[in-house]
Amino acid sequence: MKKKKTQIKIDKSMFEFDLFWSIEDGSLIDIDTLINVYSQYSNTKNMKALVALFSKEKVLSVIESQDILSDEHKIAHKINIGIINGTTTENFTSENLAPFTV
């Protein structure tokens, strides 16, 4: 049976901002930690990198497990990841998009 990978060597060039300034490029880092940190300070480039590295399912799974993110923040990530992949990740309605209307 194949062992589940829990760490990855960080490639800081994949991300717009270095949020792990105290960790040397190429060091091993926990995958969930990497996703957690970059999803808290996300932008399109960083989310694209996370999805490319781990899959949208993995990224969304880690985001959903974060207690510190608001529901609106989680919905925004789902929209962003859906746009990145050219798919929708849930049926968006005026009710669940209400926090984003002007």
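1. A residue counts as buried under 20% relative accessible area, as exposed over 50%, and as partly exposed in between. Aspartate 18 has a relative accessible area of 37%, so aspartate 18 is partly exposed. Keep in mind that this is a predicted model.

2. Salt bridges come next. The whole structure has two of them. In one, aspartate 18 pairs with lysine 12, and the closest N and O atoms are 3.2 Å apart. Aspartate 18 is partly exposed, whereas lysine 12 is buried, because its relative accessibility is 15%.

3. Another salt bridge joins the side chains of lysine 58 and aspartate 32, at 2.8 Å from N to O. This pair links distant parts of the chain. Lysine 58 sits in helix H3 and aspartate 32 in helix H1 (residues 31-40), 26 residues apart. Lysine 58 is partly exposed, with a relative accessible area of 25%. Aspartate 32 is partly exposed too, at 31% relative accessibility.

4. Now the aromatic rings. A pair of aromatic rings is described by the distance of the centres and the angle of the planes. The structure holds two such pairs. In the pair of phenylalanine 15 and tyrosine 38, the ring centres are 4.1 Å apart and the planes stand at 10°, so the pair is stacked. Phenylalanine 15 belongs to the loop between strand E1 (7-9) and strand E2 (28-30), while tyrosine 38 belongs to helix H1. The pair therefore ties together parts that are 23 residues apart in sequence.

5. Are these two residues buried or exposed? Phenylalanine 15 has 5% relative accessibility, so it counts as buried. Tyrosine 38 has 0% relative accessibility and counts as buried as well.

6. Tyrosine 38 also pairs with phenylalanine 20. Here the centres are 5.8 Å apart and the planes make an angle of 55°, and the pair is tilted. Phenylalanine 20 lies in the loop between E1 and E2, and tyrosine 38 in helix H1, so this pair ties together parts 18 residues apart in sequence. Phenylalanine 20 is buried, at 8% relative accessibility.

7. What does the largest nonpolar core contain? It has 17 residues. Those with the most contacts inside it are Leu34, Ile35, Leu50, Phe54 and Val59. H1, H2 and H3 each give at least two residues to this core. H2 provides the largest share, five residues. As a general background, nonpolar side chains in soluble globular proteins tend to be buried together.

8. Leucine 50 deserves a look. Which residues does leucine 50 touch, leaving aside its neighbours within four places in sequence? The contacts are Phe15, Leu34, Ile35, Tyr38, Ser39, Ser55 and Val59.

9. Last, serine 55. Serine 55 is in the loop between helix H2 (44-54) and helix H3 (56-64). Its phi is near 95°, a positive value in a residue other than glycine. Serine 55 is partly exposed, because its relative accessibility is 27%. Serine 55 is also one of the contacts of leucine 50.

Key. Residues are numbered from 1 along each chain as its sequence is written. This is a predicted model: local features need pLDDT of at least 70, side-chain atom pairs count only at pLDDT 80 or more; totals for chains, interfaces and linings use all residues. Side-chain values use heavy atoms; hydrogens and water are left out. Helices (H or I, at least four residues) and strands (E, at least two) are DSSP runs, numbered from the N terminus. Buried means under 20% relative accessible area, exposed over 50%, partly exposed in between (1.4 Å probe, protein chains only). A salt bridge is a side-chain nitrogen of Lys or Arg within 4 Å of a carboxyl oxygen of Asp or Glu. Rings of Phe, Tyr and Trp (its six-membered ring) pair if their centres lie within 6.5 Å; planes under 30 degrees apart count as stacked, over 60 as edge-to-face and the rest as tilted. A nonpolar core is a set of buried Ala, Val, Leu, Ile, Met, Phe, Trp, Tyr and Cys residues joined through side-chain atoms within 4.5 Å. Contact means heavy atoms within 4.5 Å.
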